[in-house]
Each structure stands twice: as C-alpha cells, then as structure tokens.
Amino acid sequence: MANHHLGFDLGHADTAIALASGRESERFASPANLEVQGQSIQPTALARVKRDGTEQLVVGGRAIREASKAQASGDATLRAAFKTRPRDLGEASRDVADFFRTMLEEVAFTPAPPEGWAGCSVAVGCPSSWSAEDDARAYAELLRKSLAGTPMGQAEVSVVPESRAALLQAIENPNSPLTLEARRENILVIDIGSSTLDMSLIAPELKASPLFDAGLDLGASFFDRQVLEGALADRSDARRFLELNPHYRDLWLYYARRTKEQYFIDAPTDDQEAVSGAPLQTFFEGGKRRSLTLDVTGERFARYRHAAYDRPLNPTPELGLDPQALSGLSWEGIYTAALTALKEAIARRGSGYGRVLLAGGASRMPFTEEIAQRVFAHGPGDTPVLRDPEPSHMVSRGLARWSRRREGVERFAKAVRELTRERLPALMDERFDPLRDRLAAALAVVIFDRFVEPVLGRWKDGAFRTGREVRREIELRTAEWLASKEGTDFFVDEINGWWRDEVKPDLDRELDRLHAAFDISRDIQLSLGEAIDPAVFRFSASSLDLPFEQVIGAALLALAFAVTIAIDAHFGFIPITTGALAAAVAVGGKPLRAWLSRIDVPAFARRLPDRLPGREQLFDARVRARVEKELSGSIDKARDSILTQVQAAVSASVAQQTRRARVLLHGEDGV
C-alpha cells in the first residue's frame, strides 16, 4: 500500500512534482508541489557535465546555468525540451530516463520509514492522444527501467493521460472554477502544451471512461522557435556559432521561452516595447566575444501568430483533419481548425458539452481562450471556457490525486470482492424464502396465461386426444418460453425486485462502510441497484436446475381444474358428468397423472362449453394455492442453481463498476 503519491508532470518545457498523502485525512490531503533546487517548477533540461574525468547529471535550472558557464570550455552538453512519443525518442530516450531519475533524487522529499520508496506511487503524465497500448506502455517501461537498481526502483510507476489529471484537480480543488452545476454536464478539457494539443470530453459524474479523446502535435514551443529565429534574423555571427555548436540551441530556446512567457506576464500595450525574460547571451565567434539579445515586441509577436507552423501535426483520426489541408497554416489557424473539428466530431457522436476547461501553461496566452470562447459558445453572450488559476501546477497535482484515488479504488475493489465472495452468499441464503414465494406466485400466473389458457382452447377444438398429447404440448411451450428473451426477462425482473426489497438495503450499508473506509468519493462509488444487469451478465433461465417435471405437473393441475370447471359450468355444475376427472383433480399426484395419460374426453363434451367461465373461476384461489405450492417445492430444489447465477451476476457488475472507477478521467487502467 502506498503512503505517498507523487504526481510527476514531465512536460516538454517545464516539469513539476506534487505530493499527496496516502489518506485524505492526513497531511498533504490537498496535493502540494515539492521543490527541486528551491523551486516548484523546473525547466525540462538535462546537462551532462564532465568533472574529474566523470560525467555528472544536472537537471532543471541548474542544468541551464551549468551549460551557460561551460560555453567556453565545452565541458557541458545541454538537452532540453526532449519529451515526445517513445517511438520518436531515439537516442533521447536516455535523456528522458536520466532526467526522470535525477529529478526524483533531487526532489525535496524523503519517504517516511519504514516503507521507504516501496511505499511510494509515482504517476507520470502523458498526452491524451498517445496510444495506451503503444505509446503510454512504452513510456512507462522506459521510466521503470530508469529506476532499476536504485532504491527508487521499489516505487510503483504509472503513466496517466494529462487531461484526466487536470480535470481531477479541477473537480477536487476547493478553488476550482468548475461549479457543482458545471460538473453535472460533460466537460471538455483542452490541454495546450509545449509539444501537443490534447482534447478530452469527459462525463465526470457517470463513472465512465472518456467519451472522446483527440489531439495533434501542435505545440506552443513553436513561438519559442519564432522568438529565437527573430533574434537571429540579422545575426549571421550567431547563426554561424549555432552551426558549429548545435547543442547551444536548446539553451537559447529555453531563454526564448522565458522571453515569451515574460511578454504575456507584462502584457505591454505599446507594440514597440521590447520585453525580455533572458539575460544577455554571450558567445565566441571569429575569436571575438559577442552577445545576443532575446526579446520580443507586440508587433513581432503578431507576425509570429500568423507565421506558418513548422512541424508535422499527426492529428488523431477522431478529428477528421487532413494534414495536407493544414499545411501552410499558422499556429493560430491550426488551433482554430482543431477546435472547430473537435466541436463537429462531438456533435457527430451525438454528445454534448457544458463547460470547457483550458489546462497547460500555454493556456496563459490570452488569444487561446479568446478563440476557444468563439468556437465553443452555445449562443450569443455565452462564455463556456474556464481557465484554472494555476495551470502550471494543475497536472502535477491532479496526477498525485489520481495516484491516491487509484490506490483507494484498488483496495476498495479487493474488499468488495471479499464481500461478494463471503458475506453476500450468506445474506442471499438468509433472504431466499421471499424470493421463492415471489417466483412461485409470479410463475403461477405465467403458467396459466402461457400454458393453461392456450392449451385449454386447443383442447376444446379437439387438437389433443389424450392427456399425453396435452403434456407434450405443455412441455414444448415450457421449453420455448424458458429459452426465450421473455422467459429470461421474467426471472431477471423478479430476482431484481427481490434484490431491491430484501438484499440491497443490507448490502448498501456494507458498501457505505467500505466507501468511507477507503475514501471513495461519490462520483466513483458502487451502485448495485440491480442484482442482474443484462448488459453485464447473461442470465440463463433454461440452465436453472428447476425440476420442471414439477413445473409441468403444476400446469397440468391447473389445466385439469379448468377443464373440470368448464364442463361442469355447462351442466350447471352437476358433478356427475366429470366424476373421474374431479376425483383425479381433488386427489392429485398419481391419480392425476394416471388420468392424464389415458383420458379422452368425447368431442361433444369438449364443444359443450362454448363460452368458458372467466379467469376468476378457472384460476381461483384454491387452484392458485395448489399451483404455487407445487412451484415453491421446485424452486426450493433449484435454490443453489438460482443463487449461484445471482452471485455471478453481482460479481460481474462489481467488476465492471470497479473498472469504470479505474478509468474515470483517464481512459485506461493505468500503465
């Protein structure tokens, strides 16, 4: 069991790590971001520094500083913004693995004894558009291998779609912009990252997997490249330096990103005012010390917004976008086209959305919200788009929440399996008598309506000569009914009615106790309103071990009464006309079976009751009581067969609902 849950948001541009305690009643109940090198957010950067003949790994802001200091000596190699799909990583897979491990080593967090790292769970984010089977699984394997042979190798590592984590943080954060009313509708999460644009339509209150996932490789790091290219536009000396020292491009791109971010923080109203978030970049070229200023103005950034995007987009099929048609469009144009395609795809699926939640650091660019408001407005004046007040910490804290929630769900699922395996059979056995009585009463009505009345009509018309023929007809009708959907539905409806009245109240008390014990939030609590959900479990009436000899006998008994009453009714209820039949019916058992095997009521007698008595006479209280008694005995003998299927059906519902709890907001079981 994990007592510490780390949310590791390894972003293309920046990385943040959050911690949540094992139980929501303890310290760090609300996830808090941990510091690395004194800061809660670090650039995704790794420097390999040569010292005393060995290679040392340095991460984050310190890696940037080491690379800056080592410009002249070349003793440091910087790698930054290296997150991409595992299949495209190539040699950079080593950078990802080393960065992940070193960040965990440096994080200001010491696992409490005695568990150490074995009591830790680490949830790492990935774009929602990544394939769970290929991309996310390969990514998880890479990260786990990076910790092998270290104390951290004892920690559990999972990979989770970032949009699910972002929404989970928005739902559970007391300061969330999502109101309770907004959470009753589907929520559209748009994660605007440095390397990808990911979109997920999620129904947070339905314990279901995402309704829709889509994305494309439209990264906001495009603007970082534009800022750098703008600074290099008339600097042939700096371009030559980068050609000879390509590893410095990552350093300058990092400072270009900081300049972009500073521009949106300052939000200058004068389009000619230059804004910089970077120190002067010095370099040596042609034997001289030179410098490069990384800055941006409103006028230049307006040009960048309309410049052609420079990377493959790889849109997911759900969007229906043609990459060729997007070629030559600006970042802003592609962003608008993607959101429009998303809205149309949701409509094609017959789904809808309420609020739109923007996540990711790039959502701080104001025009991303402005475009989203225009695209997703439900009508004039509608502003459905919301942005979290701390978008840079949203995913890491949501990942920590996800890890804790998954731990609770897994422990809860185990406890519920034990409940259905141990307590439920005894509870159902204790309450079986009401089920037996309920089935017998309802089945008696079915026997009269399905078997007795139709067979009586055919008997009256001369379709059967002897009781054996009547019996064969009833046997055939019984088999057909049991194999039919109507027969199955009959048993399912009656069992579910008994479940709601007799079993569910006690079981709900047990489940409520488990919900509280494992901190299971309301949106993923189990609901067992039915014992048998036909969508989950196929109940088979024909496979029950009911002794249908007795069921058929009960039908014949009712038929014999009906025949007796029908003939007697014609003669004014003078018993002399049907003495043998009346005696057989009255005694039942062997006399009834003997009569049924040989009786051949004359045709004239069958035609006498042209108008049969009403249902009240044909199926009066005496007959119903006798039939129900026969049926109760047969149901008692099928007790084990019935309860075995009911327990299997409940177990199937529990398994499905716990799986739904696992996939809530992240689409997969976690890899």
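Two strands pair if DSSP finds at least two bridges between them. Helices (H or I, at least four residues) and strands (E, at least two) are DSSP runs, numbered from the N terminus. The model is predicted: local features need pLDDT of at least 70, side-chain atom pairs count only at pLDDT 80 or more, and totals for chains, interfaces and linings use all residues. Residues are numbered from 1 along each chain as its sequence is written, and side-chain values use heavy atoms, without hydrogens and water.

**View 1. Three strands, E6-E5-E7, form an open antiparallel sheet.** E6 (54–59) and E7 (76–80) are the edge strands, each pairing on one side only. From one strand to the next, the twist averages 20°. Angles run from 0 to 180 degrees between N-to-C directions, with axes fitted to C-alpha atoms, for helices over the stretch in contact.

**View 2. Strand E5 (residues 45–51) runs antiparallel to E7, joined by five bridges.** Ala45 has Ala80 of E7 as its bridge partner. Helix H3 (residues 92–106) packs on the sheet and touches E5, E6 and E7 (contact: heavy atoms within 4.5 Å). The direction of H3 makes about 70° with that of E6.

**View 3. E10 and E11 form a hairpin with four residues between them.** Strand E10 (residues 187–192) pairs with E11 in the antiparallel sense over six bridges. Ile202 in E11 is the bridge partner of Ile187.

**View 4. Strand E11 (residues 197–202) has six of its six residues buried.** Buried means under 20% relative accessible area, exposed over 50%, partly exposed in between (1.4 Å probe, protein chains only). One side carries Leu197, Met199 and Leu201; the other carries Asp198, Ser200 and Ile202. E11 also pairs with strand E12 (residues 212–216), antiparallel over five bridges. Leu201 stands opposite Phe212 in E12.
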